[in-house]
Amino acid sequence: MQLASFARQLGRLLEGVVIVLMISLTALVVTAVIYRKLGASLSWYDEVASIMLAWLTYYGAALAALRRAHIGFDGLLFSLPGRTRMLVAALAEVAVFAFFAVLAWMGWRVLQVLSGVSLISLTWVPVQVTQSVIPIGAVLFMIAEALSLPAYWERLRAGISEEHVDLSDFVENDEAMNGGGRK
C-alpha cells in the first residue's frame, strides 16, 4: 500500500471516529440536560462526558496532525533562510516526536498502574479502557505527523507556506471580473 493511500485511509478513519465522538457527545449532553430538567439527573453523565471529550481531543489532534492543521509559526519559519529554515523545522519535528514518544510511554505506564480500577459511576467500565486514549492517541499522532512530513518538508524546501494567501491574486481577479477596476 502506498504511503499516500494509507494516509487517506487513516484520515477517513480518524474523521469517522471524530464525527462519531462529536455526535455522541452532543447527544449525551442534550440527553443529560433533558434528564436534569425533568429532575432525574444521570449519575454517570459527568464522568462519561469528560472521557468522551478527552477522546475527541486526542483523536482530533491526530487528525489535525495528519492535515498539518495545528497552530504553528510558519510566518517566522518562512522568514528564515533555506538551510536555517530546514534545520529549525527538523529540530521542531524531533521535539514533537520526542514529546509524543514520552507521552505514549508514560500513558502505557499509567495503564499498568490503573489495572483493576474501574469508573466511579459505571463500576463495570475499567479505567484502563478510558485512559487507553493517551498512548493510542500519542502513537496515532506520531504516525499522522510522519505521514504528513514528506509533503510538509517539500513545501518547506520550496518556501511555500499554505498559511498565507497572496491577497493581490484576489484583487487582480476581482478587478478583471468587474471590468478592470472599481467605479
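Two residues are in contact when they have heavy atoms within 4.5 Å of each other. Keep that idea in hand as you look at this predicted model: of the contacts in the chain with a separation of 6 or more, 75% are between residues 24 or more positions apart. The chain has 183 residues, and 32% of them are buried. Here is a short tour, topic by topic.

**The overall layout**
- The secondary structure consists of 7 helices and 0 strands.

- Helix 1 covers residues 3–37, which makes 35 residues.
- From its first C-alpha to its last, helix 1 reaches 50 Å, close to the 51 Å expected at 1.5 Å a residue.
- After helix 1 comes G39, which has a positive phi, near 80°.

- In soluble globular proteins, nonpolar side chains tend to be buried together.
- In this chain, the largest nonpolar core has 36 residues, and L14 and Y59 have the most contacts inside it.
- Helix 1, helix 2, helix 4 and helix 6 each give at least two residues to this core.
- Helix 2 supplies the largest share of this core, with 12 residues.
- Which residues does L14 touch, not counting residues up to four places away in sequence? L14 touches Y59, A62, L63 and L140.
- Another core, of 6 residues, lies apart from the largest one, and its members include F78, M86, A89 and L156.

**A nonpolar patch on the surface**
- Now turn to the outside of the model, where V102, W105, M106 and W108 form a nonpolar patch.
- Together, these four residues have about 460 Å² of accessible area.
- One of them, W108, lies in helix 4, which runs over residues 82–113.
- Is W108 buried, exposed or partly exposed? W108 counts as partly exposed because its relative accessibility is 48%, and that label applies between the cut-offs of under 20% for buried and over 50% for exposed.

Methods:
Residues are numbered from 1 along each chain as its sequence is written. This is a predicted model: local features need pLDDT of at least 70, side-chain atom pairs count only at pLDDT 80 or more; totals for chains, interfaces and linings use all residues. Side-chain values use heavy atoms; hydrogens and water are left out. Helices (H or I, at least four residues) and strands (E, at least two) are DSSP runs, numbered from the N terminus. The expected span of a helix is 1.5 Å times one less than its number of residues. Patches are made of residues with over 30% relative accessible area and no salt bridge: like charges are joined within 9 Å, nonpolar side chains (Val, Leu, Ile, Met, Phe, Trp, Tyr) within 5 Å. Accessible areas come from the Shrake-Rupley method with a 1.4 Å probe; for residues, only the protein chains shown count as cover. A salt bridge is a side-chain nitrogen of Lys or Arg within 4 Å of a carboxyl oxygen of Asp or Glu. Buried means under 20% relative accessible area, exposed over 50%, partly exposed in between (1.4 Å probe, protein chains only). A nonpolar core is a set of buried Ala, Val, Leu, Ile, Met, Phe, Trp, Tyr and Cys residues joined through side-chain atoms within 4.5 Å.
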